[in-house]
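Here is a short report on selected features of one protein model. The sequence and structure come first.

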Amino acid sequence: MPVSCARYRLHHQGFTLIETIVGIVVLAISFSVLTSLIYPITQQSADQLHQVKAAELAQSMLNEIQNKAFDQNSDMAGGILRCGETSAPLCSTVMGAETGESRANFNDIDDYNDLNYIAGEIENSQGQLLNLYLGYAMSVSVCNDADYDGVCNADPAINKSTAKLITVTIITPTDFSLHFSTYRANF
């Protein structure tokens, strides 16, 4: 009997300390490689969600702006009196809200020029905080672009009564900046 016990012990020995440490190191390296491959994928998946929400926010703002008059000197109902035409007043050269105006009572598209909201403070047109867009920032710029080249025309000699370029910039919580632009013609 003593010989078979010794033989049994020889065949069923455990791992040595060195084998165990090598196994732990190999396992740690494997997990770090897996983690470094998976993390960017989750980041990209979050970016897509933020981009969709940014597009929704920008489209909402562009719709609001497009529904306003072309200019302070245009007919607010649209279509009957257009600034810059014969027997009509010239289009205003001032971009931005007139004195005393706030977003709740903006009446023409250039009132939105330089409208900025920092992250977490985006409001709707009635001044209510939009909790759905916490962490997002938004800025709006409106400028004259009579030749539709995407560059704002600061030269007063260029026709200011033709078209205005509206650009809404949204910055997502992951600091990804998206620009949405459209034109509004004088009609």
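## Basis

This is a predicted model: local features need pLDDT of at least 70, side-chain atom pairs count only at pLDDT 80 or more, and totals for chains, interfaces and linings use all residues. Residues are numbered from 1 along each chain as its sequence is written, and side-chain values use heavy atoms, with hydrogens and water left out.

## The disulfide

The structure holds one disulfide. The term covers a pair of cysteine sulfur atoms within 2.5 Å. Here C143 is joined to C152, with an S to S distance of 2.0 Å. The link of C143 and C152 is left-handed, at -70 degrees about the S-S bond.

The two cysteines have their own accessibility values. C143 is buried, at 11% relative accessibility. C152 is partly exposed, at 44%. Buried means under 20% relative accessible area, exposed over 50%, and partly exposed in between (1.4 Å probe, protein chains only).

## K164 in strand 3

K164 sits in strand 3, residues 163–171. Strands (E, at least two residues) and helices (H or I, at least four) are DSSP runs, numbered from the N terminus. K164 is buried, with a relative accessible area of 0%.

Its side chain has polar partners. A polar contact of 2.9 Å links the side chains of K164 and D110. A polar atom of the K164 side chain also lies 3.0 Å from the backbone oxygen of F70. A polar contact is a pair of N or O atoms within 3.5 Å; within protein, one must be able to donate a hydrogen and the other to accept it, and residues adjacent in sequence count only if both atoms are side-chain atoms. Not counting residues up to four places away in sequence, K164 touches residues including D71, M95, C143 and Y183. Contact means heavy atoms within 4.5 Å.

## S92 in a loop

S92 lies in the loop between helix 2 and strand 1 (115–117). Is S92 buried or exposed? At 14% relative accessibility, S92 counts as buried.

Leaving aside neighbours within four places in sequence, S92 is in contact with D71, Q72, N73 and D110. S92 and N73 are 19 residues apart along the chain, and their C-alpha atoms are separated by 6.6 Å.

## F31 in helix 2

F31 is found in helix 2, residues 17–66. F31 is partly exposed, with a relative accessible area of 49%.
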